[in-house]
Amino acid sequence: MNERHDEQLEPLLDQLLGAEEPADDLVERICQLTDGPLCDTLDQAIGPDSVTCDHEALVRRIMAATSERPAVLARIGMFGVAWRMAAMLAVAGGLYLVVLGLTGSDRDSAQTPQIADVLPPATDDSSNSSLSDIEQAIASFTAATDWAFDQRVQRVNSGLDRVAAESFWADSPVALVERAAESADMYEGAATSTGAWF
Amino acid sequence: MTTQGSENSIQATLAAAAAGDESAWRSLVEQYTRRVYALLAHQCRDRELAEELTQATFVKLFDQLRRQDGYREQGRFEAYLFRIAMNHLRDEMRRRKRQARTMDVNGQDFFIPPQASGRRQQAPLERMQHEEQVRKLREAIAAMSESDQQILHLRHTAGMAFAEIAETLGEPLGTVLARAHRALKKLRELLGPEALETVES
C-alpha cells in the first residue's frame, strides 16, 4: 500500500511544498494518506505513554513550583526595591563626597585667614605701627587660625577632605605662626630702628 | 490534536488560570504534562532533564499567564506551549554542549514496555510479536536524522496536528507535511519490507 500511497502523495506534496496555507481538502487527503497502520504503531512506540514517568509526582512538582512562585517573585520584588534604594543612596553619597572633595580645598583656603590680611602692610609708613598693634594682629590671626585648624582637623578626622589631609602639614598653624613671628620680628626691628631716629 | 471546540475550551481554561484560578491551572498542568514530558524525554533521552525542562516549561507558561503583558492569544495554545518546551530543550542542550542522541536510546528504564502501554489485553505470543515490532520501530527511529525524529515526535509523541507543528516550527504547512511524509518513508525503508509488513499488519 505504501508504494501506491507514495505515488499518490508525492505529486500532492510537491504542490504543497512551501505553501503557507494549502487548501484544507488537500491537507486532509494528504493526512489520510500519510497516517496509516504504521502511524498507529508509532503512537504506541513513541506516544506520550511510551516513556517512564511518575505523572502524578511531576504534576505535584510543577504545582509546588508555581504556587511558590508569587511569593518568591514578591520577595524578589521587595529585594529589588531595597537594592534600588540602596544603590541610589550609594550613588548620592558618592556624588556628595566627590563634590566635597573637589570644593573642600578651595573653601578651606577661602576660610583660612592669611597673614597678609591681619598684619599691617610692610610699606614705608610701617613706622606708624606699634609693637602692640602687631602683637594684637598676631593674636587675632592666631585665634582665627585656631578656628580654621579645628575645622580642618574635624574634616581630616572625619575622612571627608582628602585634599585637606594632604595639605594639612604644609598649611599647619605652626608654620603660619612661624611665618607671622618672622614678620613680627621684621616689624619690631623696623620700629626699633625708626624709634632710634626720633 | 485539538479541534476548534477543545481549543475554545483551552482558551477559557487559560483565561481562568491567568485570573488566578488554581484549579484551572492544575487542569492545564494535568492535561499537558504527560505530552510535554514525553516529547522532551524522547528528544533529550534523559529522564531527570526531561522532568526539569517540563517543570521549567510550565513555570514559564505560568509567568506568562500572570504577567499583564504576558501571553496573548496569537495562535494555537499547544503550538505555543510546545515551542516553549523546545526552546528550553535547545537552550539546555547548547548549555550542556552535548548531543541528545548520545544517550542510551533503548535503555530499559527509559521506555515503557509496549504491553504496559497497550490498550487491550493480548495473548502472550501476540504480545511478544507486538513488543518486537515496537522495539524495531524504536531502533529505526533512533537511527533517523534529528530532523526526521523531530517531526515524528511532534506528531506522535506530542500528538500535535500538522498545522500546530507548522506553527511550532515556524515552517509552512506544506513543508511540514512533506517532511512528515518523507520521514515516514525513510522509516519504512529502515524497517525493511518484512518488518514493515508485520508492523502494519
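Start by selecting helix α4 of chain B and colouring its buried residues: F77(B), E78(B), A79(B), L81(B), F82(B), A85(B), M86(B), H88(B) and L89(B). Buried here means that 20 or more other C-beta atoms lie within 10 Å of a residue's own; 12 or fewer makes it exposed, anything in between is partly exposed, and the C-beta atoms are placed from the backbone. Helices are DSSP runs of H or I with at least four residues, strands are runs of E with at least two, and both are numbered from the N terminus.

Before moving on, a word about what is on your screen. This is a predicted model, in which local features need pLDDT of at least 70 and side-chain atom pairs count only at pLDDT 80 or more, while totals for chains, interfaces and linings use all residues. Residues are numbered from 1 along each chain as its sequence is written, and chains are lettered from A and ligands numbered from 1 in the order in which they are written.

**Stop 1: along α4(B)**

The expected span is 1.5 Å times one less than the number of residues.

**Stop 2**

Axes are lines fitted to C-alpha atoms, for helices over the stretch in contact, with angles running from 0 to 180 degrees between N-to-C directions. As for the angle names, under 35 degrees is roughly parallel, over 145 roughly antiparallel, 65 to 115 roughly perpendicular, and the rest oblique.

Show side chains to see who meets whom: L49(B), L53(B), A56(B), T57(B), K60(B) and L61(B) come from α3(B), and L81(B), I84(B), A85(B), H88(B), L89(B) and E92(B) from α4(B). Contact means that two C-beta atoms, placed from the backbone, lie within 7 Å.

Next, bring in α2(B). Its axis and that of α4(B) are 11 Å apart, and the helices pack at an angle of about 30°. On the α2(B) side, pick Y32(B), V36(B), L39(B), L40(B), Q43(B) and C44(B); on the α4(B) side, L81(B), F82(B), A85(B) and L89(B).

**Stop 3**

Most residues other than glycine have a negative phi. R45(B) has a positive phi of about 60° although it is not a glycine. Is R45(B) buried or exposed? It is buried, because 21 other C-beta atoms lie within 10 Å.

**Stop 3: across to chain A**

Select α4(A), residues 55-67, together with α3(B). Their axes come within 10 Å and cross at roughly 40°. That makes α4(A) oblique to α3(B). Here L58(A), R61(A), I62(A), A65(A) and T66(A) meet E51(B), T54(B), Q55(B), F58(B), V59(B) and F62(B).

The arc is that of the directions from the helix axis to the C-beta atoms. An α-helix has 3.6 residues a turn, so residues three or four places apart point the same way.

**Stop 5**

Back in chain B, select α6(B), residues 124-142. Its 19 residues should span 27 Å at 1.5 Å a residue, and the end C-alpha atoms are 27 Å apart, which agrees. Q133(B), V134(B), L137(B), R138(B), A140(B) and I141(B) are buried in α6(B). They cover an arc of only 160°, which puts them on the same side of the helix. On the other side of α6(B), P124(B) and L125(B) are exposed.

Then jump to A163(B) in α8(B), residues 162-169. With 19 C-beta neighbours inside 10 Å, A163(B) counts as partly exposed. A163(B) and L173(B) are ten residues apart in sequence and 6.0 Å apart in space, C-alpha to C-alpha.

**Last stop: zoom out**

Chain A has nine helices and zero strands, and chain B also has nine helices and zero strands. Buried residues make up 17% of the 198 residues in chain A and 39% of the 201 residues in chain B.
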